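Colleague: I would like to learn how to read a model like this one. Please take me through it feature by feature.

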Amino acid sequence: LFLPDSHQADARADIADFFNKGESYETCGPINALVGERQIHWRNKLVRCGSDEDTYVVCSGIDITDDLANRQRLYEQATQDHATGLPNSRAAREHLEVAIELGQPVTFMALVVLDYRQLRAMLGWTQSEKLMRQVASAVFGAVPPDWVVSRPGGPELRLNAEGRRDNRELVDVSQSVLRALSRTFEVAGMQLRLHAAIGVACFPEHAASADELEMAADAAMHAAMTRSGSSFEVYESRLRDELSKGLWLDAQLHQALDQNELELWYQPKVNLYNGTVNGVEALIRWKHPEIGFISPDKFIPRAEATGSIVRIGRWVAQAAAIQAKAWAEMGRPLRVSVNVSAKQVMNDLTLIQVLKDAQSHCGGFIDVELTESSFLEDAQKAREFIQRVRALGCGVHLDDFGTGYSSLGQLAELELTAIKLDRTFIVDRGNSVKQHALMEAISRLAQALGLDVIAEGVETEEVAGKLRSLGIQYSQGWHYCKAVPASELMSWLDGQALTVI
């Protein structure tokens, strides 16, 4: 009477078995109702009563359609990411554990969208989730059909595939995903370029359990995060130790910012023709209370990878402004240049305001040093940044000039005030005839464009003389003074009897 045709045969077999055995049973199945198909939980019983032991069949059904739908919704909430529809960490982990328990080889990838914290602060929760929905779709479309894509939450995705995968496939899949994420994403009327890091690990080659597999992939992912732009890394045993050290460094660096352990030291920029000093470069130093000074080469790349560079950059600008104001009030006005990383230019939405406040505090003595790598991240955004800081009265020095990213033709388009020749021009190839001619050509071109040239890494008077003969105006290096604390810089200036202009 009720059952769809597709369930009639099974129902007859169940009923026949019911009468043969005389045992009650329960089953679930669909029926056709006026409102559509409904799921019914049936209870079937034989009831004997009366003196002649008459037998009756009692069949009752309860509509459980809504209950099943509610259970399905609860299951989806428990196992799916609400924004992307992908399996969440719980569902992905169960799938991973089952495969490993069965001894199946598994390839596992951990992916993180870099700078997500800044993007979320800019976009808000709703729009950042829309962005992750686009990211998930792009990744899902970039992997082979047998790969499972899941989202634990936030900026992270997980990708895994059963069976052994050779190195060529691992590279191909990783590159395919990174290419998919290199396109422009549009959210809330804004066009965004994303960078991602991928860590790859395999069971049983790199791990003996699901926990170890995830840890290995995370270690490889953190190694990839330390590189510029998007990158991937396949796990090696050394990476876990590096991750532990990196996490320790992250925690210590946050503590250093909270407890004022960071310092600014200053290196003078000396005029090669009259010996005057009108500016210094502010260089960050970190004296850890237990292990002493930690080199910037150790913690700055880590800070850039984790996003801590934004907070560090704000501190540097504020501290430099305070020092510049103090010197000006002493009657020794010095321009102080602060280094701004590509990560800050691309992701710190408050950077211009921070520099504006710094300029206002010290009366306009702040300059900015911007590396050529900024133009690799987003050339247009870097140009816009230069225009805006120039409007604040900041000088803009193009740092590490000549290391391969910018062309001479770009100099005419940028509102720079100076270029800084990388120390490799001075130290490694200072005696080369061709290098000599190149530096002379750069000096003449810069002068024609109204730009100062500052040579870094000058360590001898002989080198300083050669630079002077080439028409290079300023030099900076150990020949004059190492980077020193503010108080020592004043003593050095007094001892050198240099005029400060």
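Modeller: Start at Ala188, in the loop between strand E7 (184–187) and strand E8 (190–193). Helices (DSSP H or I runs, at least four residues) and strands (E runs, at least two) are numbered from the N terminus. This is a predicted model: local features need pLDDT of at least 70, side-chain atom pairs count only at pLDDT 80 or more, and totals for chains, interfaces and linings use all residues. Residues are numbered from 1 along each chain as its sequence is written, and side-chain values use heavy atoms, with hydrogens and water left out.

Colleague: What phi does Ala188 have?

Modeller: Most residues other than glycine have a negative phi. Ala188 is not a glycine, yet its phi is positive, about 55°.

Colleague: Is Ala188 buried or exposed?

Modeller: Exposed, at a relative accessible area of 53%. The scale uses a 1.4 Å probe on protein chains only: buried is under 20%, exposed over 50%, partly exposed in between.

Colleague: Where is Asn260 placed, and what is its phi?

Modeller: Asn260 sits in the loop between helix H8 (238–258) and strand E11 (262–271). Its phi is positive too, about 55°, and Asn260 is not a glycine. At 61% relative accessibility, Asn260 counts as exposed.

Colleague: Is the peptide bond from Phe203 to Pro204 cis or trans?

Modeller: Most peptide bonds are trans. The one from Phe203 to Pro204 is cis, with omega near 10°. Look for Pro204 in the loop between strand E9 (196–203) and helix H7 (210–225).

Colleague: Which residues does Leu489 touch?

Modeller: Contact means heavy atoms within 4.5 Å. Leaving out residues up to four places away in sequence, Leu489 touches Tyr266, Pro268, Val280, Trp327, Leu334 and Val484.

Colleague: Where is Phe365 found?

Modeller: In the loop between H12 (351–362) and strand E15 (366–371). With residues up to four places away in sequence not counted, Phe365 touches Ala324, Ala328, Pro333, Leu334, Arg335, Val336 and Gln359.
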